[in-house]
Amino acid sequence: MQSKLVNKKHAKPIPFDKLMVYIIFVIVFVFFSILLEPKGFLNITNLLNILRQTAVISIMAVGGTFVMASGQIDLTVGAVAAMSSVFSALVLQKNGSIILSVLAGICFGTFVGLINGLLVTKLRLPAFLATLGVMQLVRGSAMKITDTSAIPIDNDTFTYIFGAGSVGSIPILVFWTMLIYLIGAYIFYKSSFGRHVLATGGNRLSAEYSGIKTEKVLIISFIISGLLAGLGGVLYAGRLSAGRFSYGDGDEMSVIAAVVLGGTAMSGGTGAILGSLVGSLLMGIINNALILANLSSAEQMMIRGAIIVVSVAVSNLTQKIQKAA
Amino acid sequence: MDNYCLKLNKISKSFGVKVLDDIDFALRKGEIHALVGGNGAGKSTLMKIMTGVYSKDSGTIEVNGHEVDIHNVENAQNHGIAMIFQELSLIQTMTISENIFLGREIMKNGFRNTKKMNEETSFILNKMGLDLNPEITVEHLSVGNQQMVEIAKALSKNAKILVLDEPTASLTDNETQKLFEIMHSLKTEGVSMIYISHRMNEIFKIADSVSVLRDGKLVFESIIQETSIEEIILHMLGSTSDVNLLNWQERSYSSDEVMLQVIDLSINDQITNINFDVKKGEILGLAGLMGSGRTEIVETIFGIRKKLNGTVLLNGENLEINCSADAVKAGIALIPEDRRRQGLVLIHTLKDNILLPNIKAYEHNGWINENQAVNATQAKIDEFNIIAKSMFYPINLLSGGNQQKAVIAKWMDINPKVLMLDEPTAGIDIGAKEEIINIVRNYADQGNSVIFISSELSELLAICDRILVLHDGVISENILRKEILKEEELQYAIQVS
């Protein structure tokens, strides 16, 4: 028989797929710090501004990580955020209760997540198509009930807590982001549910044969994504003092980009919560830098696209090199 | 000079450690040469060097007496060497002829000449004695016929040397017979074949000569008539192990108490009114051909399949099982038939795989206790002698035998009362097989019940207290081990009924 090669030291392979985003982040950050130093890129106000602007994407990316690690995709988050901002604003206008208003936004998101989960599991629709349809349904509804106009919010407490406020000089949205990431990281890394999500995404059949209720896992993942998109909508409403059908347009794409940059595979089975935060911040500093550099919005869009392609390509190449070694 | 079509001289290859050490291997024209060896012995690596998947570190390859360079699969094909893979490489949604001409479609005026390709496909299939319509999509073919198409594809590329890797692993006996007939007729046409298999009986049925690899060295070579199963097994295992594995061992535990009782279980039109029970400490074998309902029955007990009606009792209590989670909760485990697709999450680590069914046990107040999880994993690795670099590496790096031990380890962690194993030793080497059989014996000796499915009758006879023979969804025989004297009797029961 073969001799025993078990290494009691428990050697771990280096997870280059997860580390790549940190390396790219540092390179891009240093690059812009030097290049845009005279434009004030490194100013504290500018950096805090980046954090504030990326907060909603970062928070939704937590949900995106769960959904994508389980092997699915959720395109509804932007539309859900829009509708939730509208609901929050409407409840606030009619009723005045902050709690009810927040609940309305979050519950709507949770409800859409549940619907997405049921469509994907019980009706076996491919997640891409199911959420593509629901996305348009939701944004269309938001347009219809508001007749394309904004619902203004003039409740200072609400706007303070959910967007505009700051504690000392730190924007309150930074605290929201931290809170969601703490909870998200705990569930993802430390609870059995997190392992079930990864197993379902890694090999659904095998997870099923291991006694895991994979349908339940998928539904809950979609619910987490919907709930956080709902929260994202409330935060949009707070930051912009209104609810509007057009908020969060294209956010689903930013979320997917942040999650994939962060080291979560689109095919599922592997994921990194904190990576998604770094991925989201990476896109945030790129956006910010392009504005500081006085580029036209057309140029900004082109460069953003190119940077995403290059980053993901670099990340994939490193993995290939690592595997060949 | 002998009539060799292929000669490998002093082939060495290392991946950090030496995998192949000075291998000399020769294949005569028109012979079927069996290549055997445990997992990790170097068979696949040697074949991959021959077929251009890997490059060798040193040594030379001669085809028909001329030294050749093989750097990639295309080189190998140009020299007439083709490999029939264990995992079939056909595209399921394309037709037979589209698959056969994939990548070298016959064109006419810039369009694919479907008619011509279908004709040529029919010609090859007919030559092989297969009556298949070239326009059937591959997904509608049985596994056996897919294998034939794979061979046809190789022949259509003028392959003169075929490497068949465990071709019969997923074939029924009839399909195996058919494959052997085709191999015979190919032989008379001067095609040479290297036949990799763990099934000794088949090797003696089909091969002309045999080579044994062990730990990267060629340790034995012989004309088939001049050797025996015992001799080959001896060389595969080396000097230390004994060959008693497949002998019946008296069981130490016996009880009349019924653990699991299946009453009037119906699964589909074919599998109806199944009745049987398993006692405490008993190992019950399920024998039968593929498609006889063996897998369906255990999967239904495990909740993966829905039953039409019938009841399952555990310790006299009615079990309401609607999904696999219910079965796990009741203490029933299933080692599924396809370890790579159903048993494991290949991209995940050994640790994550072992802990998967029972991860909740390591969760306290919502937190997984990492230390406890690592220790439990290490304990399982030690207990089942799983050979791995580290528990934190992906499980797809492990050999088949070690992967299978990991699947068993993951289920032992829930301490099941009933363990069901579906072909647990398929495609794994004899050393790991022995370990798995011993694990199952020990487990039953602790008063637990086992349902053991296997196509290898010698294995069933070695381990089971009682054997049920299934035939087209019906239990046709219920035989105590003691009543069976020879493997042939069981074989007869399975084939005829």
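In which helix of chain A is the place of A:Ser84? A:Ser84 lies in helix H3, residues 77-94; helices are DSSP runs of H or I with at least four residues, numbered from the N terminus.

This is a predicted model, in which local features need pLDDT of at least 70, side-chain atom pairs count only at pLDDT 80 or more, and totals for chains, interfaces and linings use all residues. Residues are numbered from 1 along each chain as its sequence is written, chains are lettered from A and ligands numbered from 1 in the order in which they are written, and side-chain values use heavy atoms, without hydrogens and water.

The average pLDDT of chain A is 91, and 96% of the residues score at least 70; pLDDT is the predictor's confidence in each residue, from 0 to 100.

A:Ser84 counts as buried because its relative accessibility is 0% (buried means under 20% relative accessible area, with a 1.4 Å probe and protein chains only). Leaving out residues up to four places away in sequence, A:Ser84 touches A:Gly105, A:Phe108, A:Gly109, A:Gly230 and A:Gly233, where contact means heavy atoms within 4.5 Å.

| Item | Value |
|---|---|
| Residues in the contact, chain A | 32 residues |
| Residues in the contact, chain B | 46 residues |
| Salt bridges across the interface | 1 salt bridge |

A:Arg195 forms a salt bridge with B:Asp352, with the closest N and O atoms 2.7 Å apart; the rule asks for a side-chain nitrogen of Lys or Arg within 4 Å of a carboxyl oxygen of Asp or Glu. On the side of chain A that touches chain B, H8(A) gives the most, with 6 residues.

Conventions
Helix = DSSP H or I, 4+ residues; strand = E, 2+ residues; numbered from the N terminus. Buried < 20%, exposed > 50% of the residue type's maximum accessible area, 1.4 Å probe, protein only.
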